[in-house]
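Please look over the structure below. The report that follows takes it part by part.

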Amino acid sequence: MNELHALLKSIADISDEDWIYFSSKLKTITLRKKELILSNGNIENHLSFIEKGLVRFFIPKIENDLTFAFVFENNFMSAYDSFLSRLPSQYCIQALTPTTLYRLNHNDLEKIYRNTSIGNEIGRKCAEELFLIKSKRELSLLNSTAEQRYLNLFKECPELIKQIPLKYIASYIGVTPQALSRIRKRIS
C-alpha cells in the first residue's frame with residue numbers, strides 16, 4: 001500500500017488523518033492470470049489501484065477480441081464510464097498476470113469525497129489523468145502508424161510488455177498478428 005500512499009501524496013498533500021480514512025475503505029483482492037475483473041453487461045462498482053500485475057480492457061468478439069487498453073502496476077483502473085454513469089459496461093477487464101488490486105467501491109468513494117479535505121482534489125486529478133491517457137490513445141490511433149504505436153507501448157513498460165500475448169498487442173495497435181510479426185522483424 002506504500003506505492004498508493006506515495007502516489008496520493010504526489011497528487012495532493014494528503015494528511016495522515018485523510019490517509020487513514022481513505023485506506024480504511026480499501027479492499028484487497030488477488031486475481032489469477034486470465035481472470036475476468038469485469039464482464040461486459042455488468043456495472044463497474046470499483047475504482048482500483050494495481051499494486052501488482054497487468055490488466056487489459058477489451059471488447060469480446062466472436063473471432064478475435066478487440067483489445068483497446070493495458071494498465072500497468074502502480075496505476076488506477078476502472079471501467080470509468082460505467083462507474084460514473086452506473087450503466088452496464090460494454091467491455092471487459094481481465095488480469096493478464098497474477099494481479100493484486102486495492103479497490104474502493106462507489107459508495108465508499110462518495111464518502112471519501114464528503115468526509116476528507118483532499119478527496120475531491122485527488123478524484124479530480126485522477127479523472128484528469130484518465131482523460132489524458134484516453135486522449136493520448138485516441139490521438140495515437142489517428143496520427144501514428146502501427147509501428148509507432150508498438151514502439152510507444154514498448155517504451156512505456158518494456159518489462160511488462162513481455163508478459164502480454166502478441167495477439168493482444170496486435171489487436172491494441174490495430175493490426176493482425178501476422179502484420180505485427182513483420183513490424184517486429186523490421187525493427188529488430
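Contact here means heavy atoms within 4.5 Å. Ala, Val, Leu, Ile, Met, Phe, Trp, Tyr, Cys and Pro count as nonpolar; Asp, Glu, Lys and Arg count as charged; the others, Gly among them, count as polar.

Axes are lines fitted to C-alpha atoms, for helices over the stretch in contact, and angles run from 0 to 180 degrees between N-to-C directions.

## About the model

This is a predicted model, in which local features need pLDDT of at least 70 and side-chain atom pairs count only at pLDDT 80 or more, while totals for chains, interfaces and linings use all residues. Residues are numbered from 1 along each chain as its sequence is written, and side-chain values use heavy atoms, with hydrogens and water left out.

Helices (H or I, at least four residues) and strands (E, at least two) are DSSP runs, numbered from the N terminus. Two strands pair if DSSP finds at least two bridges between them.

## The sheet with E4 and E5

Which order do the strands take in the open sheet that includes E4 and E5? The order is E2-E7-E4-E5, and the pairing is antiparallel. Strand E2 (36-38) and strand E5 (66-72) stand at the edges. Each has a single partner strand, so one side of each is left without a neighbour in the sheet. Neighbouring strands are turned by 30° against each other on average, direction ignored.

Strand E4 (residues 54-59) pairs with E5 over 6 bridges, in the antiparallel sense. Leu 54 has Phe 72 in E5 as its bridge partner. Helix H8 (residues 166-173) packs on this sheet. H8 touches E4, E5 and strand E7 (92-95), and its direction makes about 105° with that of E5.

## The sheet with E3 and E8

Another open sheet of 4 strands has the order E1-E8-E3-E6, again with antiparallel pairing. Strand E1 (27-31) and E6 are its edge strands, each pairing on one side only. Strand E3 (residues 46-52) and strand E8 (residues 99-105) pair over 6 bridges. Phe 49 has Tyr 102 in E8 as its bridge partner.

Two helices meet these strands. H1 packs on the sheet and touches E3, E6 and E8. The direction of H1 makes about 115° with that of E3. H4 lies across E3 and E8, running at about 65° to E8.

## The cavity

Rolling a probe the size of a water molecule over the atoms shows where empty space is left. On a 1 Å grid over the protein atoms alone, a cavity is a set of points where a 1.4 Å probe fits but cannot get out. A pocket is an open set with protein on both sides within 12 Å along at least five of seven lines. Lining residues have an atom within 4 Å of a point. Points are joined across faces, edges and corners, and a volume is the space filled by probe spheres set on them.

There is 1 cavity of 30 Å³ or more. The largest cavity holds about 160 Å³. Of its 19 lining residues, Phe 22, Leu 47, Leu 109, Ile 122 and Gly 123 are the closest to its centre. Its lining has 15 nonpolar, 3 polar and 1 charged residues. H5 gives the largest share, 6 residues.

The largest pocket has a volume of about 1200 Å³. It is lined by 37 residues, and the closest to its centre are Ala 69, Val 71, Leu 130, Ile 133 and Lys 134. H5 supplies the largest share of this lining, 13 residues. The lining has 23 nonpolar, 5 polar and 9 charged residues.

The second largest pocket holds about 220 Å³. Its lining residues include Glu 63, Asp 65, Tyr 168 and Pro 177. H8 gives the most to this lining, with 4 residues. By class, the lining divides into 5 nonpolar, 4 polar and 3 charged residues.
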